[in-house]
Amino acid sequence: MTRATATAAALPPAPREEDWAEELTAAAGRARAGLLADQRPDGHWCGELEGDTILESEFVLLLAFLGRRDDPRVARAANYLRTKQQADGGWPNYPGGPAEISVSVKAYFALKIAGDPADAPHMARAAACVRKLGGAEATNSFTRFYLALLGQLPYSACASVPAELILLPRWFAFNIYAMSAWSRTIFVPLSVVDAFKPVTALPDAMGIRELFLAPPETPRWPAKPTAKWFSWTNFFLGTDWCIKAAQRLGLTPLRRWAVKRAVAWMRDRARDGESDGIGAIFPPIVYHAIVLKALGVPAGDPEMQWVMGQLDDLSIEENGELRLQPCKSPVWDTALSLIGVADAGQPAGSEEVGAAVRWLLDREVRRTGDWAKTVRGVEPGGWFFEYRNAHYPDVDDTAMVLIALARSGHHTRAAALPAVHRALNWLVAMQNTNGGWGAFDRNIENEVLEKVPFADHNAMLDPACPDITARVLEALSHYGYRVGQEPVDRAVRFILGRQEETGAWFGRWGVNYVYGTWQVLVGLAAVGFDMSLPVARRAVRWLKDVQNADGGWGESCRSYDDPSQAGVGESTASQTAWAVLGLLAAGEAGSVEVRAGVEYLVGTQNAAGVWTEGPFTGTGFPRVFYLKYHMYPVYFPLMALSRYAAGIGGRGSGIGRSEYRLDAGHDAANPKGLSPRFLSDTRHPTPDTR
């Protein structure tokens, strides 16, 4: 018996259709009201973005490096860390996951700095867990740098991060623009740290020598060599050895120039008013502060105060505890919330919709960023994720804002047309040569770079992925793009070539196969792909097969490490909504599985009209860092209920599947009000491949 069959058998008798329609409408209304209640006065939404405890740990380690161990925030962060320790003594990188070595070592170290003695029961359990996982020497490259900064490990055990790399031209295979944007924003300031090798000594009682299986000063490679005599890993380890030898001998004639360039690069991307810190994300902001300390910048300097202020803005203090967000997600949350309330019938002319649209348009990127190093001939346009991050608009947010403008009925209005035009041009220009789209840059797919010693965070590249590619298709579909047009056909071929044998698609930015499969089905349907073809039916079959007995869907972050766990996990509101939305796009509005999923959502809605969920369903870096978007179980279920209600909810489950449409705009060859001339004027710039 399949899980889908078991689900159908376990369901209670269906209510009368009239009662069901009324209940469904009421649930969608409550959800819309709940979402609108969270809208900020200026029109935007922003929910908490939760990560694992590396954020709190690294913040404590930073304060210790800056000589601020007595800062009261250290104790508050430690209070939070203790609540997240697992029974086995370690700390995971997602709730319910196994203890992770780097996360656990940093948490233990932070607690030692906060004053927890090594012989305390919870610390003894933590130390035993770390040693069982291979000891502190088994941590990743970024953790090793924190240990070196605080005198627990020699810099020789850390991967070399040569500042000279910033001097290499773009045509060189290993230049800084060949790596992902997020790695680049960490690498450049980290290269300055590596050049200075600063150390803040700690009292012996705060050290973590007890976590090492071999003494910390034991010579060791910065990464594990392979068994083969020649491999790219071994090649880069050899290069690392040569770089360190040159440093010892003083044979680095370009180092001072390179460091100067790196500092200037860093400061250019951390301008007040344009950025919420380098990359507007926690790790490079922390390294910015470390660099300033290494340069001798005092604590009272305006630049240091500004950098530390960006970290303060990521902090949340409650009940004597301190937690930090990896960044903030206002553009993402606002676009998705706008889609949700629009789907639920919020009028385009309402003040709530108008304010959200104005807020989004005000955050359009109008300056050239790092993306322009590989794409030429296109005017800057698009949107980023955070409040301010002008150098780093991203494909995913740009696509989502374009969808939000269309679904709210504002994409053809005069106020939005220029931004829409620029964003469409930019999106098309960002398409990779393989037909897909990555997140921040074009063609960042050189897999050799994943073998460098400091690339063990599984985020060195920004390859095209099915979920973002399908979301771009969904966005383009609102502006006249369909199957048969060159950018669309290339993208469809890319997506079809990456379907798993199970019928699912991998989810790069959400957990995991449920996320990827939902977005692909929606994107393909939006551009007119024939959803009766076997490729779509296999995906539908997979979604139905992994439905839980309670009618919902769930999947754990564990599926990134073990694909056999794809679609396996406790039901969550967000993942159930994704599955329902994917099945609706595939023409399954009248299926028992969709009905069961919608009933699950209606039955688990709380009194405030929204949903709560514990598991992390967002992805930062697969197998390394995961996220919990606190608004995911708010706007995604609202979309699912509203689209289901629009398709069949008010007219009974016997409606023919062919009557369902993703939205009215897709019935026309061109969206209403958007002239063919506007579409034909969309340029397709030639990427700069020099």
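Let's start with Asn443, which is partly exposed because its relative accessibility is 29%; here buried means under 20% relative accessible area, exposed means over 50%, and partly exposed is in between, using a 1.4 Å probe and protein chains only. Asn443 sits in the loop between helix 16 (417–429) and helix 17, and although it is not a glycine, it has a positive phi of about 60°. As a reminder, most residues other than glycine have a negative phi. When I say helix or strand, I mean a DSSP run, H or I with at least four residues for helices and E with at least two for strands, numbered from the N terminus.

A word on what we are looking at: this is a predicted model, where local features need pLDDT of at least 70 and side-chain atom pairs count only at pLDDT 80 or more, while totals for chains, interfaces and linings use all residues. Residues are numbered from 1 along each chain as its sequence is written, and side-chain values use heavy atoms, with hydrogens and water left out.

Lys197 is another non-glycine with a positive phi, in this case about 50°. You will find Lys197 in the loop between helix 8 and helix 9 (232–248). With a relative accessibility of 30%, Lys197 is partly exposed.

How many strands form it, and in what order? There are 3 strands in an open sheet, in the order 1-5-4, with antiparallel pairing. Strand 1 (49–50) and strand 4 (618–621) are at the edges with a single partner strand each, so one side of each has no neighbour in the sheet. Two strands count as paired if DSSP finds at least two bridges between them. Strand 4 is joined to strand 5 (residues 625–629) by 3 bridges, and strand 1 pairs with strand 5 over 2 bridges.

Thr619 has Tyr626 of strand 5 as its bridge partner, and Gly618 is opposite Leu627 in strand 5.

Is strand 5 mostly covered or mostly uncovered? It is mostly covered, with 5 of its 5 residues buried. In a regular strand the side chains alternate between the two faces of the sheet. For strand 5, Phe625, Leu627 and Tyr629 are on one side, Tyr626 and Lys628 are on the other, and all are buried.

Next, helix 21 (residues 573–585). The expected span of a helix is 1.5 Å times one less than its number of residues; for the 13 residues of helix 21 that gives 18 Å, which agrees with the 18 Å between its end C-alpha atoms. Helix 21 is also mostly covered, with 13 of its 13 residues buried. After helix 21 comes Gly587, with a positive phi near 85°.

Let's look inside. A cavity is a set of points on a 1 Å grid over the protein atoms alone where a 1.4 Å probe fits but cannot get out, and its lining residues have an atom within 4 Å of a point. Grid points are joined across faces, edges and corners, and the volume is the space filled by probe spheres set on the points. The count comes to 3 cavities of 30 Å³ or more.

The largest cavity has a volume of about 90 Å³. Its lining has 13 residues, and Met400, Glu474, Trp518, Met639 and Arg643 lie nearest the centre. Helix 13 (330–343), helix 15 (395–407), helix 17 (466–477), helix 19 (513–526) and helix 23 (632–649) each supply at least two residues of that lining. By class, the lining of the largest cavity has 9 nonpolar, 1 polar and 3 charged residues. In this scheme Ala, Val, Leu, Ile, Met, Phe, Trp, Tyr, Cys and Pro are nonpolar, Asp, Glu, Lys and Arg are charged, and the others, Gly among them, are polar.

The second largest cavity holds about 40 Å³ of space. Which helix gives the most to its lining? Helix 8 (residues 181–196) does, with 4 residues. The lining of the second largest cavity includes Phe142, Val161, Ser183 and His457, and its classes are 7 nonpolar, 2 polar and no charged residues.

Finally, the cysteines. Taking a disulfide as a pair of cysteine sulfur atoms within 2.5 Å, the structure holds 0 disulfides. For Cys242, the nearest cysteine sulfur is that of Cys158, 18 Å away. Cys242 is partly exposed, at 47% relative accessibility. For Cys557, the nearest cysteine sulfur belongs to Cys327, 16 Å away. Cys557 is buried, at a relative accessible area of 2%.

Note on methods. 1 Å grid on protein atoms, 1.4 Å probe; cavity = no way out; pocket = protein on both sides within 12 Å on 5 of 7 lines; lining within 4 Å.
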